[in-house]
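Here is a short briefing on a few local features of this chain. Keep the sequence and the model side by side as you read.

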Amino acid sequence: NGHHASSRGALIVLEGLDRSGKTLQSSRLLSYLEGERIPVELWRFPDRSTCVGQMISSYLSNKSELDDQTIHLLFSANRWEKRSLMETKLRSGTTLIVDRYSYSGVAFSSAKGLNIEWCKAPEMGLLAPDLVVYLDIPPEKAAARGGYGGERYEQLEFQRKVAQYYQILHDATWKSVDACLPIEDIEKRLRELAMDCVTTCHKGKPLSQLWL
Ligand code: TMP
């Protein structure tokens, strides 16, 4: 019927420091929503499968050097190259869970010393998330979880700065969840937040654009 034809999916973003549990929680949320018969896909940025994504991947594993501005714009381009597919999916009713998005882009590059407004500029016009869940973890605790794989940004001092920039980016669509809670508690909170968001989007909340 008409209502269903016009109902769109939700854009749900998970953000947080490295080792905050985003990847685990996004795959658990995916299984849950699938079980609820909600059309849903799990995406992540950087999307290392594209040409741009391969340049990013090589940079992150220290196999290539790029200046800070260049890698920043590549991360942004990697979101832009997925934008139209993202919009098509959402408009056709598919909910997207996205592991990292523009907030990572701005927080990590600003933490290197780039101007925050300069960092936000290339993100303007990307689709705005309907919900951003920030998995909040003290940098020391994240580091103590181990498994920093040796990629470029996985160092305590740097993650401390990233955490400060994430705080600056906090806006009305953000929900902070304590990432030190038991995994099941975080999972439950995420389910509630996601279901509310999916319902609101089905009811006709318009898609909007980031930082315009
Ligand atoms: P990942 O471990 O989630 O694949 O992310 C790789 C690293 O890239 C992580 O340290 C965060 C960083 N990053 C940016 O610096 N800018 C971005 O736009 C994104 C999406 C990630």
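**Backbone and burial briefing**

Trp 211 sits in the segment after α9, the helix spanning 183-202. Its phi is positive, about 55 degrees, although Trp 211 is not a glycine. The model is a predicted one.

**Positive phi in a loop**
- Asn 62 is a residue other than glycine with a positive phi, near 60 degrees.
- The loop between α3 and α4 (68-91) holds Asn 62.
- Asn 62 counts as partly exposed because its relative accessibility is 42%, and the partly exposed class lies between under 20% for buried and over 50% for exposed.

**Cis peptide bond**
- Phe 45 and Pro 46 are joined by a cis peptide bond.
- Omega for this bond is about 0 degrees.
- Pro 46 lies in the loop that runs between β2 (40-44) and α3 (51-60).

**A buried glutamine**
- Gln 159 is part of helix α8, which covers residues 156-169.
- Gln 159 has a relative accessible area of 0%, so Gln 159 is buried.

**Check yourself**
- Is Gln 159 buried or exposed? Gln 159 is buried, at 0% relative accessible area.
- Which residue does a cis peptide bond join to Phe 45? That residue is Pro 46.

Technical notes. Residues numbered from 1 in each chain as written. Predicted model: local features only at pLDDT ≥ 70, side-chain atom pairs only at ≥ 80, totals over all residues. Heavy atoms only, no water. Helix = DSSP H or I, 4+ residues; strand = E, 2+ residues; numbered from the N terminus. Buried < 20%, exposed > 50% of the residue type's maximum accessible area, 1.4 Å probe, protein only.
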